[in-house]
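Open the model in your viewer and keep the selection tool at hand. The stops below go from whole chains to single strands and residues.

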Amino acid sequence: MINLIKGKTSDWETIIGLEIHAQVKSNSKLFSSASTKFGSDPNSQVSLVDAAMPGMLPVINEYCIRQAVKTGLGLHAKINHYSVFDRKNYFYADLPQGYQISQYKYPIVGEGKVIIDFKDGNSKEIRIIRLHLEQDAGKSIHDQNPTKTFVDLNRSGIALMEIVSEPDLRSAEEVALYIGKIRSILMYLDTCDGNMQEGSIRADVNISVRKPGDDYGTRCEIKNLNSIKFIKQAIEYESRRQINILEDGGKIEQNTLLFNVQSGKTKPMRSKEEAHDYRYFPDPDLLPLELEDKFIKDIKEEIPELPDQRKKRYIDEFKLSNYDSSILTAEKEISDFFDLVLFTHKELRSSAKLVVNWITSELFSILNKNEINISKSPISPDYLGKLVLMITGNKISGKIAKDVFEEMFNSNKSPNDIVKERGLIQVTNTNEIELIINEILEANKDKVADYKSGKKKLLGFFVGQAMKLSQGKANPKILNDLLLEKLS
Amino acid sequence: MEFITIKETAHKLKNKDISIHELYEIFIKRTNNNLDLNAYIYFNEEKIHQQLSAHSATTNLLNGIPIAIKDLFCTKSMPTTAASKILKDFQSPYESFVTQKLLNQGAIFMGKTNCDEFAMGSANTTSYFGNVINPLSSKDKPLVPGGSSGGSAAAVAAKLCLGATGTDTGGSIRQPASFCGIVGIKPTYGLCSRWGVVAFASSLDQAGIFANNVEDSALLMEGIAGYDPNDSTSANVNVPNYCQSINTDLAGKTVGIPSEYNVQGIPEEISIVWEKAIKKLESGGVKIKRISLPHTKYALPTYYIIAPAEASSNLARYDGVKYGFRSELFSSLDDMYELTRREGFGKEVKRRILIGTYVLSSGYYDAYYLKAQKVRKLIANDFENAFRECDFILTPTTPSAAFPIGDKEDDPIKMYLNDIFTVPASLAGIPGISIPFGKSNNGLPLGIQLLSKHFDEQTIFNVASFLEKNND
């Protein structure tokens, strides 16, 4: 897919690479036993190691290693049997050690790939360069006192996975799809809670522009974006800024930028003179990390069905479209709901598309309106399945099903009970329907004549009247067939 | 009564020849009579009495024994300063693994001993709390005790305690032991936990022991060694009963004499002591093997790249934000860092932070740090090869006897040369012990150094014990 931006002199292509920082889902921190719980009182989850007390030493949390390996496997990536933790040295008030323990030359995970799916059914492969583990920093709080900055170290030392992509992304849209896909994979794997509002996923965006076919231009890095909306805004602003500079005959200066949410603009984080030299070197407090084959093999066996595999299953088994399948599988909870409907009601497998429609239209809309997550849906997969079964079994019409659906949501009752209580069972008895038709045709003789003289559009009128008379319960197909027969 | 060795003192305590309170009256008095040595940064009689009143007698040999603790070990009952202004009022809320082990065995802490600031020095002259005087000095000409663990060495040599902990990064136990005429051992890297020890250079720092004789040093070594899951570089190995297992029958063993340690300009008195020790070993049935450690000459420059590099990062945490000294006058965060560290660190520490920062800088990393790591590997290989031909290695500990305070202060390189014989073993991570063996022309003690394979401390205790018994 080619996404070109129109400039004054030519078309431009945006080249984007992403560094995604995902917090590892783990009860304790990467190198200490302090809790990782979000939203606790400031500095209530800080061990002696996290506070960098004199003589304190990091000890690797094996669970975080498992999570990183699991994520690597989920990204179809190479797991490195040998990796090294390095120190990235810089001073900041919320970095107690004066260095961040990270992985530089030897990351735990090497090259991998992720597939993103477009609305039109096309897909694209985005290459992953590496995934490495590192410590999160604490938080500096500047807005509680006019002259003071407070430091909260609860986040200090929480494990992050930095997932670095090749510059394979070409638009804000692709970036949004890519982040969504990574988030989805991490959540299927249960290696990150995926909560962007709480900062569990943040991204640094590397961006440059070029004329199609040219070499890569000079890139700028926009740091620390934590919502897809802002990432899109930042990319759109920044690519336009770079194009304007180049079209005016200027040059792009390689720079680290921050995106201002209020102004919607990017601005340099620091000047060139202030550029950091991080002085990476292997952390002498930690031995190189060596993973045995068995360790990796055991984790491989824990890998659940991932979105791409599920998608393929939906396409192969249920003949769903690529797009429907990716909508369903984007969120594990949606896909789980869908799977449960078909698992409980195997006879619906041939009507999977109808189930999808009910989930993605009626269910989504009512859940969104009420701000309820699908995992807490008042309509269970079982009941939704029962409802769809009544439609496919010609027990009720789609229109009546919508009313039943509403009531299911409000009352938690089964659709069968609702239909029974309200007497909504569809009329399929030909004689009964014939009586209704006769009544309608009798009452509208003039229109019957019009129809017979060529006004075929009137068929809809007769159907509507007959349906009304049946209180919506007449089986539409039988009604239709009988009407045509009578009018011919 | 003398009370110089642990064994003898433990015996007398057990037989009730002396009460523990009487014993500490003696040691407190000795300490008070020697305050001019400046061996302790923290000495508080009250703290000793508190420990005594909480004390209960056990059969452990270290029970009730007075031990001095280098002020690099974090202790809950006493402040921990690393001899730096930047930590001058620091009170640790935790006890280091090593000192906790000693406490568990009933040892009594006499106080926290003076040392070079963050263990950076070879003369104990960089301490914020002033220099330490070698107890063997004459009144008119004070000598250095060596460094960095100068206070611990002086305290043991002056009998202010029966043993002391030290840390050795490039010679900081063996060199002061040599200068003060006592025994000092740096065990294999990884034998003692570094947890709770203020870090200087993490890949080299190792806790060790000072004592008045080899047996006591073996006993204390047993007392502080052991695996600690909180130190990722701690080795999970069995700690033998060094003291009980000492065997001075060396017949059939081979000693390696490295030709490279016969450096140009080495004073004759050093060579004489070295030769004397070789002869003694020969008389004990030890085969003499002339060996080569070809990369020895690169050890000192290698050390002075790796150690400052690690230090520059390890000391970044002293920034005035969380604990320790913070400069009062600042107008911004960067300003606070600058002033805090400018005022809080001494000259030598700053020098090493600058060297370390430089060698890790982008564009210089490969030429310095990476190359130094490669050379370090070659030096370790030298030892590995040598130990295929010999059971242990014998060298002088230092290129000179203790020198007057003030000497070499104007030239850091001269000062660094003090560590020329001790640094290679540190880089290789192998154990080394220094024992007094002979005297200089001025009657000052000279040390001899014994090195062995990783985790083969027993061999050097055996040989050290043999030489101690045959030292005339």
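The radius of gyration is taken here over C-alpha atoms, and the globule rule that goes with it is 2.2 Å times the number of residues to the power 0.38. The model is predicted, so local features need pLDDT of at least 70 and side-chain atom pairs count only at pLDDT 80 or more, while totals for chains, interfaces and linings use all residues. Residues are numbered from 1 along each chain as its sequence is written, and chains are lettered from A and ligands numbered from 1 in the order in which they are written.

**Stop 1: chain A as a whole**

Select chain A. Its radius of gyration is 30 Å, whereas a compact globule of 488 residues would have one near 23 Å. Along the principal axes its C-alpha trace spans about 95 × 55 × 50 Å. Chain A holds 15 helices and 16 strands; helices (H or I, at least four residues) and strands (E, at least two) are DSSP runs, numbered from the N terminus. Of its 488 residues, 40% are buried. A residue is buried if 20 or more other C-beta atoms lie within 10 Å of its own, exposed if 12 or fewer, and partly exposed in between, with C-beta atoms placed from the backbone.

**Stop 2: the domains of chain A**

Colour residues 4-300 as domain 1, 305-422 as domain 2 and 430-487 as domain 3. These bounds come from an automatic or database domain assignment. The centres of domain 1 and domain 2 of chain A, taken over C-alpha atoms, are separated by 36 Å. Ten residues from domain 1 of chain A and ten residues from domain 2 of chain A take part in the contact between them; two residues are in contact if their C-beta atoms, placed from the backbone, lie within 7 Å.

Which element gives the most to the side of domain 1 of chain A that touches domain 2 of chain A? Helix H2(A) does, with five residues. By class, that side of domain 1 of chain A has four nonpolar, four polar and two charged residues. Ala, Val, Leu, Ile, Met, Phe, Trp, Tyr, Cys and Pro count as nonpolar, Asp, Glu, Lys and Arg as charged, and the others, Gly among them, as polar.

**Stop 3**

Next select strands S5, S4 and S15 of chain A, which form an open sheet of three strands in the order S5-S4-S15, with antiparallel pairing. S5 (99-102) and S15 (281-282) of chain A stand at the edges with a single partner strand each, so one side of each is left without a neighbour in the sheet. Strands pair if DSSP finds at least two bridges between them; S4 (residues 86-89) and S5(A) have four. Zoom in on A:Lys88 to find A:Gln100 of S5(A) opposite.

Then move to A:Asn206 in strand S11 (residues 201-210) of chain A. A:Asn206 is partly exposed, because 17 other C-beta atoms lie within 10 Å. Beyond the neighbours within four places in sequence, the contacts of A:Asn206 are A:Ile16, A:Gly17, A:Pro167, A:Arg219 and A:Glu221.

**Stop 4: where the chains meet**

Show both chains. The contact involves 24 residues of chain A and 33 residues of chain B. On the chain A side, 16 of these residues are nonpolar, four polar and four charged.

**Stop 5: chain B and its interior**

Select chain B, which has 15 helices and eleven strands. Its radius of gyration is 21 Å, close to the 23 Å that the globule rule gives for 472 residues, so chain B is as compact as a globular protein of that length. Buried residues make up 58% of chain B.

Pick strand S9 (392-396) of chain B. Five of the five residues of S9(B) are buried, so the strand is largely enclosed by the rest of the structure. One side carries B:Phe392, B:Leu394 and B:Pro396, the other B:Ile393 and B:Thr395. S9(B) pairs in the parallel sense with strand S7 (residues 254-258) of chain B over two bridges, and B:Gly256 stands opposite B:Ile393. S9(B) and S11(B) run antiparallel, joined by four bridges; there B:Pro396 has B:Ile448 as its bridge partner.

Finish at helix H15 (residues 457-469) of chain B. Its buried residues include B:Ile460, B:Phe461 and B:Leu467, and S9(B) is one of the elements that cover the buried residues of H15(B).

Notes. Expected span 1.5 Å × (residues − 1).
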